[in-house]
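Welcome! Please take a moment to look over the model shown here, and then we will walk through a few of its parts together.

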Amino acid sequence: MTVPVIAFGQTEQDIVGGLERLHGPVTVVRRCTDMAELIAVAQSGLARAVIIAGDSSMLGISLLERLHSSDVAVVVLTDDGGEQHRLAALGVVHAALSIDPEVIAELVTTAVASLVAPRTSRLSASYADPAGALAPATVEEEPVQAPVELGEVTAVWGPAGAPGRTTLAVNLAAELAAAGKRVMLLDADTYGASVAVFLGLMDESAALAQACRLADQGLLDDTALERVSVKLAVQGAPLFVLTGITRTERWTELRPGALGNVIELARRNADHVVIDCGFCLEADEELSFDTMAPRRNGASLRCLELADRVYAVGASDAVGVPRLVRALGELEQVVPTVAPQIVLNKVRSSAVGPAPEDQLGQAWERFGPSIEVKAFLPADFAATDAALLGGSVLLESAPDSPLRLAIAALAGREVAGRRRRRPRRMKAKVTF
Ligand SMILES: Nc1ncnc2c1ncn2[C@@H]1O[C@H](COP(=O)(O)OP(=O)(O)O)[C@@H](O)[C@H]1O
Ligand SMILES: [Mg+2]
């Protein structure tokens with residue numbers, strides 16, 4: 001059976017003629033000269049692969065994902081050594097421009113076969129052999145690496161209405177860093193990134209967007225990740241921060257594919273990766289006719305998919321709790337693999353009555369989903385306001401505050417604080 005392919009770019013090298021003379025394994029069904037045409041033809045289902053000859057600098061994770069999601073494999077022919085390295089990092093089958101048509105056909109077959117097999121974002125063994133053997137020896141063999149211990153990824157998520165996602169994410173990261181762990185804090189909220197403000201950073205650089213751009217191009221490595229991240233000291237311990245997008249219209253810069261690679265690299269470099277996620281999970285794009293439309297909430301969804309632990313944060317009042325319950329239903333629909341841990345924040349008796357934890361706990365048992373509440377975080381406006389004003393974390397600005405102690409406990413730290421009397425157990429009065 002012949003594989004229908006698209007030829008893109010520098011095909012005057014008579015690559016097409018060479019392939020046609022083979023009369024068999026590969027048939028060029030279309031020559032494309034611009035990207036829009038390439039994407040349209042790929043989406044039309046006409047071809048199983050594209051051969052990009054010459055300049056392949058436009059090929060990043062986003063375009064690869066688009067092509068792959070249309071079941072179109074990619075083979076690049078280039079003589080540029082730097083570009084070959086980049087393509088290797090992206091896991092793209094590539095070889096020199098001058099290789100024989102028979103070998104191009106073999107590469108196409110390999111690329112198509114590996115699309116059918118489960119894919120990885122790195123160059124897999126099935127890619128490496130033909131390209132490595134055929135290209136002039138510009139691509140060095142990657143040394144076999146010892147397995148790296150991967151850090152734990154915690155996503156902090158919750159519904160709209162400012163329940164305290166950022167407060168928890170920032171302070172959790174700070175507690176872990178102060179405990180001597182290597183921590184990366186990522187701001188992936190595409191609606192209201194605010195980690196930089198919480199940490200008093202005058203940051204316009206949107207480090208996470210920079211990291212995603214590099215990842216998209218296959219240029220993000222350990223050194224680049226450390227270079228773009230903002231380094232802070234928490235009680236003398238380092239905390240690496242990838243700040244978020246400063247203007248919400250820049251959400252397209254956090255494409256899920258690239259963001260996924262940033263998270264994977266971060267977890268190879270840190271003991272803990274803490275992600276502040278956006279609230280919204282709706283997939284409006286699915287309702288449009290353009291099935292390839294970028295997904296605004298794709299960033300949050302990818303974070304939730306990749307996380308080892310998800311904290312679902314809700315505000316503890318008559319508005320916040322029902323919102324959290326609804327959002328959890330939505331989460332189950334959209335990312336069914338996630339088992340969220342419930343954190344009820346801003347717990348205060350003025351909102352729910354005396355012994356608020358008991359009230360909330362019992363109300364949750366009756367009206368919430370059957371997931372246990374992992375933690376109750378007290379309302380502590382004096383502490384949060386002082387921290388925000390000073391651009392500092394609670395463990396520095398209000399180390400003895402009840403909120404700080406509760407977050408430290410959630411982070412698994414034993415911190416000596418002033419003793420609090422356990423409130424009297426009450427019968428639930430609260431209904432949501
Ligand atoms: N436990 C708490 N007690 C008092 N104020 C809080 C608490 N948690 C968060 N806040 C405040 O609520 C506001 C919203 O918190 P934030 O973390 O930005 O929410 P989100 O990230 O969910 O939008 C901020 O002003 C923050 O200081
Ligand atoms: Mg926030």
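## Starting with one alanine

Is A96 buried or exposed? With a relative accessible area of 2%, A96 is buried; that word means under 20% relative accessible area, whereas exposed means over 50% and partly exposed lies in between (1.4 Å probe, protein chains only). A96 sits in the loop between β5 (93-95) and α5 (101-116); helices (H or I, at least four residues) and strands (E, at least two) are DSSP runs, numbered from the N terminus. From A96 to G81 is 15 residues in sequence and 9.5 Å in space, C-alpha to C-alpha.

## How to read the numbers

This is a predicted model, in which local features need pLDDT of at least 70 and side-chain atom pairs count only at pLDDT 80 or more, while totals for chains, interfaces and linings use all residues. Residues are numbered from 1 along each chain as its sequence is written, chains are lettered from A and ligands numbered from 1 in the order in which they are written, and side-chain values use heavy atoms, with hydrogens and water left out.

## Around ligand 1

Ligand 1 is surrounded by 16 residues, each with a heavy atom within 4 Å of it; the closest are R165, T166, T167, N345 and D380. This shell divides into eight nonpolar, five polar and three charged residues. (Ala, Val, Leu, Ile, Met, Phe, Trp, Tyr, Cys and Pro count as nonpolar, Asp, Glu, Lys and Arg as charged, and the others, Gly among them, as polar.) At least two shell residues come from each of α7 (165-178), β12 (341-347) and α16 (381-390).

Oxygen atoms of ligand 1 lie 2.9 Å from a backbone N or O atom of G164 and 3.0 Å from a side-chain N or O atom of K346. The protein buries 85% of the 560 Å² that ligand 1 exposes when taken alone, as found by the Shrake-Rupley method with a 1.4 Å probe.

R165 is buried, with a relative accessible area of 9%. Beyond its neighbours within four places in sequence, R165 is in contact (heavy atoms within 4.5 Å) with residues including V156, W157, D189 and V313.

## Helix α13

The 15 residues of α13 (residues 320-334) should span 21 Å at 1.5 Å a residue, because the expected span is 1.5 Å times one less than the number of residues. The end C-alpha atoms of α13 are 21 Å apart, which agrees. Among the buried residues of α13 are V321, L324 and L328.

Notes:
A polar contact is a pair of N or O atoms within 3.5 Å; within protein, one must be able to donate a hydrogen and the other to accept it, and residues adjacent in sequence count only if both atoms are side-chain atoms.
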